[in-house]
Structures are given as C-alpha cells and as structure tokens.
Amino acid sequence: MALTLYVDTARWRAHHKHVQEQFPGLVPVCKGNGYGFGHERLSEEATRLGADLLAVGTTYEAARIKDFFSGDLLVLTPYRRGEEPVPLPDRVVRSVSSIDGVYGLVGARVVIEVMSSMKRHGISEHDLPQLHQAIENVRLEGFAIHLPLDRTDGSDAVEEVIGWMDRLRAARLPLHTMFVSHLKADDLARLQQQFPQTRFRARIGTRLWLGDHDATEYRGAVLDVTRVTKGDRFGYRQQKAASDGFLVVVAGGTSHGVGLEAPKALHGVMPRAKGVARAGLATVNRNLSPFVWGGKQRWFAEPPHMQVSILFVPSDAPEPKVGDELVAHLRHTTTQFDRLVDR
C-alpha cells in the first residue's frame, strides 16, 4: 500500500515537446526533489528531449546527477569563495554573481548572473568595467538574468532584458549567449529578433515538467477503516469524534510531504479571506487534508503521522474500503512518492 504518483506518460511527454518547440535552445531545470519525479527520471527525460545542457540547483545535486545525465550541467546557485569543494567534472558550468566569484574560478566554465528586479543576486551595472579583466582567466559560457514571476508595477520583462543587453554591449562584453528565466515564448522571440547575434536560452523547470496538471495524479491507498460514533476517543491525542463516521488510514504522511505547505503570496480580497478562514479553523484543530473521497476534500482527523494520515469521513459519505485509492492534491516540489507508475 503506497502513495503513488501516476503519470500519463504519452501526454506528459507531448507537453515537453510542445514547450521545447516554443523555446528553441531550451535548458531543462532539474533541482530540489526533481519537481516530484526525482533526479534520475528527469535526467532521462532531458536526454530524451536531446538537451545538451541540464540546469541543477547546487553542486551537491550536480555531483549526483552527473551519473544520470551525460551532457553539460549548469549549477544555478552562484559560486562563493569558501564554499565546500565538491569534486565535479569539467562539463559542469558554474554560475557567478560577483566579481570576486569570477576571480575565484580561474580556468572554470562560468555563466555570469546579472542583477534583475528580483534583487536576489547578480552583478550590478557598476561592476561591468571590472569584468573585462576578470573574465580573462575563465571560460565564459554567457550571461544570465533571472526575472520575477509577477510584475505588479506593469513593467515589461522584455524591456528589462533589453536594458541589460544594452549595458553589456556598451561595456563591450561578449554577448554570444544569454540565459533567461520566466519569459513567455513570444517574449523570447522578440529578443531573438532584436539581437540576432545572441543566442537566448530559456531555463525552464515548472512549466516544462508540471505545466500539464492533468498528466499526473497522486493517490494514497487506504490501509484501514474504522467506524466511530460521536464521542469516541481516537488517535495519539485521544480526541473525541465530533460525529458518527469513519477513521480512514491512508498512505501518505509527513515523510512524503503530506501536511507540508510552502508559504503563498495572496493577491485579492477573496484569497486573503480564505486564508484567514483556514487559519481560524486550524486553531480549533480543523485542518483540511489533500485527500479527496466522495467528491470532497476530507478533514484530517489529527495531524498526519510520519507515513500515514488519518482522515475523518462522515457517515453520510460512501464508506471507503481497504485497497481503495484517494486522489491527493499535493505540491510536486514538496512531495516524495513511494512509487511512480507510468500509464
């Protein structure tokens, strides 16, 4: 009995090809938990796409993924002096976001990140005069810009990239390749048309692997079902059942990522109101689980355990049976499945 990720493989791969066609020179991204699929699987899919370069999050990920992917690897986390050295092959390209970082990677292949409106990391316009000398002792693979997802000020992502292209060109720095993130296909086409001598390469993870929501589905298997009546005590904390129903033990607990949720940016009155309502319910131990039964998301009977969750299903709903599977609305990037099934 397991928490299973089911993949409609033909549909999933058709989506990959569609994204690849929209973004010529696509650089697939495989970081974290491999977007829920794992590093080995995504490395295989990147190879299937014919990718010559795969982006990873850290040097530790590169050390693992190098055994699964034979092409070049781009480490997205910028190099910092004093970081723990990780043995890596020459086909690994390091990101750098400071002049000091460039000087610290003599002889290495590097991509230099520029500071975008994200304001996360990157070299500034004032650093550009110092880059000429700094890049003499590295193998420059190109520049990169990581853009925000939302532009609430109404600014144009393409214009932000153009601004940096103009600054780099004015500084007489090589512009053979520019790596970009979070651009639309038509944005990329606009840039390529305006700068035909530069190759623009989109680094894409979420849109590539998770863009077709209907191609994948998590399901947790029912392990046990116990009928309870109002007032019965149950669970680790011996709470009382609020009404008649069933305690349903389903595969999927904290070790799988069930019950874990990344903070969300809420925009608008309604999403904020729902957030307040959820917080209020949580204070009285009412937490909605990701598991669906009888067409509704069901409540946790108590906080999820390490490998299973206990749900409360009211008596007016169909009685689950051992072996049934409950659809689970889980976030791929925080979920670890027991098994993956292609179908």
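This is a short tour of one protein chain, from the whole fold down to single residues.

**Stop 1: the whole chain**

Show everything as a cartoon. You are looking at a predicted model. The chain holds nine helices and 18 strands. Its C-alpha trace spans about 75 × 45 × 40 Å along the principal axes.

The accessible area is about 17500 Å². Carbon and sulfur atoms account for 51% of that area. Of the 343 residues, 47% are buried.

Colour by charge next. There are 43 positive and 40 negative side chains. The centres of these two sets lie 3 Å apart.

How much of the contact total comes from residues 24 or more positions apart? Among contacts with a separation of 6 or more, such pairs make up 67%.

**Stop 2: the largest core**

Select F37, I112, L131, F143 and F200. These residues have the most contacts inside the largest nonpolar core, which has 90 residues.

**Stop 3: helix α2**

Select residues 39-48, helix α2. Which of its residues are buried? They are H39, R41, L42, S43, E45 and A46. An α-helix has 3.6 residues a turn, so residues three or four places apart point the same way.

Now show what the buried residues of α2 pack against. The helices are α1 (9-22), α3 (59-65) and α8 (206-210). The strands are β2 (27-28), β3 (53-56) and β18 (339-342). Step past the end of α2 to G50. This glycine follows the helix and has a positive phi, near 80°.

**Stop 4: A63**

Select A63, in helix α3. Is A63 buried or partly exposed? Its relative accessibility is 22%, so A63 counts as partly exposed. Buried would need a value under 20%. A63 touches V86 and L88, not counting residues up to four places away in sequence.

Finish with a distance. Pick the C-alpha atoms of A63 and V250. They are 35 Å apart in space and 187 residues apart in sequence.

Methods:
Residues are numbered from 1 along each chain as its sequence is written. This is a predicted model: local features need pLDDT of at least 70, side-chain atom pairs count only at pLDDT 80 or more; totals for chains, interfaces and linings use all residues. Side-chain values use heavy atoms; hydrogens and water are left out. A nonpolar core is a set of buried Ala, Val, Leu, Ile, Met, Phe, Trp, Tyr and Cys residues joined through side-chain atoms within 4.5 Å. Buried means under 20% relative accessible area, exposed over 50%, partly exposed in between (1.4 Å probe, protein chains only). Helices (H or I, at least four residues) and strands (E, at least two) are DSSP runs, numbered from the N terminus. Contact means heavy atoms within 4.5 Å. Accessible areas come from the Shrake-Rupley method with a 1.4 Å probe; for residues, only the protein chains shown count as cover. Lys and Arg count as positive and Asp and Glu as negative; His and the chain ends are not counted. The place of a charge is taken as NZ of Lys, CZ of Arg, CG of Asp or CD of Glu.
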